[in-house]
Amino acid sequence: MVFDETRRLLPSTPLASLDEYCDAGGGRGLAAARAASPDDVIAVVSDAGLRGRGGAGFPTGRKWATVAANRSPAAPTTLVVNAAEGEPGTFKDRAILRANPYVVLEGALVAAHAVGAPDVVVAMKASFRKEALRVRAAIKELDAAGWCEGTALTTLAGPDEYLYGEETALLEVLDGRHPFPRIAPPFRWGALEVVESPSDLGSDAASAARVQLAGPTDATVGPPTLVNNTETLANVPGIVARGPSWFRAVGTADSPGTVVCTVSGRTARHGVAEVPMGTPLAEVLRSIGGGPVAGHELTAVLPGVANRVVPRDRLATPVSYEAFEAIGSGVGSAGFIVCDDTTDLLAVAAAAARFLAVESCGQCTPCKQDGLAVADHLTELVQGRGVDTDVETVAERLTTITTGARCFLATQHQRVVESLLELVGTAARPTTVASLRHLPILPIADLVGDEAVLDERQAAKQPDWTYDAVDSGRSPADRLDEHRTEAR
């Protein structure tokens, strides 16, 4: 690891051992944290202005302070490293874990000290085998070196579902259930419920996600949990060791520090790299992706499937939370999927709609059913079988898809599809449409050399979360909860 102004999280070559990490300056953040009070550590992180790198950009210090203030008398706080990335177009968390798991684990130990958490869980997908091997080996090294003192570090191998990365759904998995988002936030209802009987969980004991609220803060049912993204925690050791001014030496006032970006799609190459916050998007695409494929022009960039698409005339926008918000989009997890003049943007809209509709859990009926309708009608239009009523139905369903939504997925669906349709326009599709490419919108399974390898299995996934030849027509929330109830 090299602590400098341009490469803070991703070393030029993967670190082979804890000794190598310490030789590069690792461990100083944890030592400084343990020599200070938890409140002082939280203050340092707050002063640095670190914002969550998982997508929302929420102030990290404020999140830590909220969790610390809601400690439960019933059970200790848990800290969860959210390494369950599944956003199409992003590979940054896995890149960090492969190259330098030590900085993430050190950051987690600092955070555990700050919020009083004796247990740290690194939550990854079971399919992240390379990352899991690195993390488990690193935990053994830290434990042998005495770093874990009073803190238990473990890993969790979870499902491949997209919603597993949503922090309340992740806690459901940690508690042995399916990844169905809750309404109650982690500081109100975290992991490891403390209940008198199953009825205390509400009408549906199979899933705490069915519970609307955790109960009064003076009678917490479940102890609070701090959930932080991999990249967020990787920033913490440098901040605590070197101070807020060092962290703010790069980036912008509202988005300080660096950001790890992934570039894929229609570019000369694919890759992951760290850049200062505030770097123009066009420069990010050139430096990481090598610019457009030779002979073609970029037309739009998708920040995954979480935010509105960035059109060609906005490519000078700085990669920062405030700048992307100003153009009506969002940085998200900084995974940029590039479209060029060969890309069928209507097909991209249909692919994004299908991904999100399939990955919806179905707890909120409009999210699932309106989402599937949007995907189906867009597919009809892409395949040349569409009629005017398909356009009308898509527009109508996009207005109702977010009704009663308990998580952000339905809003994502609305934002990304609406923005792509605005670029496509209402005019008839060109006669040259057959020559346009269908750009897949799928999670990245691996990054091999300069090429992102997509998770092609995702394309065969049914809306009921099976890979059966025919979808059952039942939402995952109903199908899986009923199955769990029958098994008890």
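Modeller: P38, V41 and I42 in helix α3 meet V110, H113 and A114 in helix α6, where contact means heavy atoms within 4.5 Å. By class, this contact of α3 with α6 is made up of five nonpolar residues, one polar residue and no charged ones (Ala, Val, Leu, Ile, Met, Phe, Trp, Tyr, Cys and Pro count as nonpolar, Asp, Glu, Lys and Arg as charged, and the others, Gly among them, as polar). The model is a predicted one, in which local features need pLDDT of at least 70 and side-chain atom pairs count only at pLDDT 80 or more, while totals for chains, interfaces and linings use all residues. Residues are numbered from 1 along each chain as its sequence is written, and side-chain values use heavy atoms, with hydrogens and water left out.

Helix α3 covers residues 38–48 and helix α6 residues 101–115, and the two pack at an angle of about 125° with their axes 7 Å apart. That angle makes α3 oblique to α6, because angles under 35 degrees count as roughly parallel, over 145 as roughly antiparallel, 65 to 115 as roughly perpendicular and the rest as oblique. Helix α3 passes α6 in a left-handed crossing, that is, with the near helix turned anticlockwise from the far one by less than a right angle.

Strand β1 (residues 78–82) joins β2 (residues 119–125) in the parallel sense over five bridges, and V80 has V121 in β2 as its bridge partner.

As for confidence, the protein chain averages a pLDDT of 90, and 88% of the residues score at least 70, on the predictor's scale from 0 to 100 for each residue. Over residues 211–220, however, pLDDT stays under 50, although the model has 19 contacts beyond four places in sequence for them. Where pLDDT is low, the predicted coordinates should not be read in detail.

Notes. Two strands pair if DSSP finds at least two bridges between them. Helices (H or I, at least four residues) and strands (E, at least two) are DSSP runs, numbered from the N terminus. Axes are lines fitted to C-alpha atoms, for helices over the stretch in contact, and angles run from 0 to 180 degrees between N-to-C directions.
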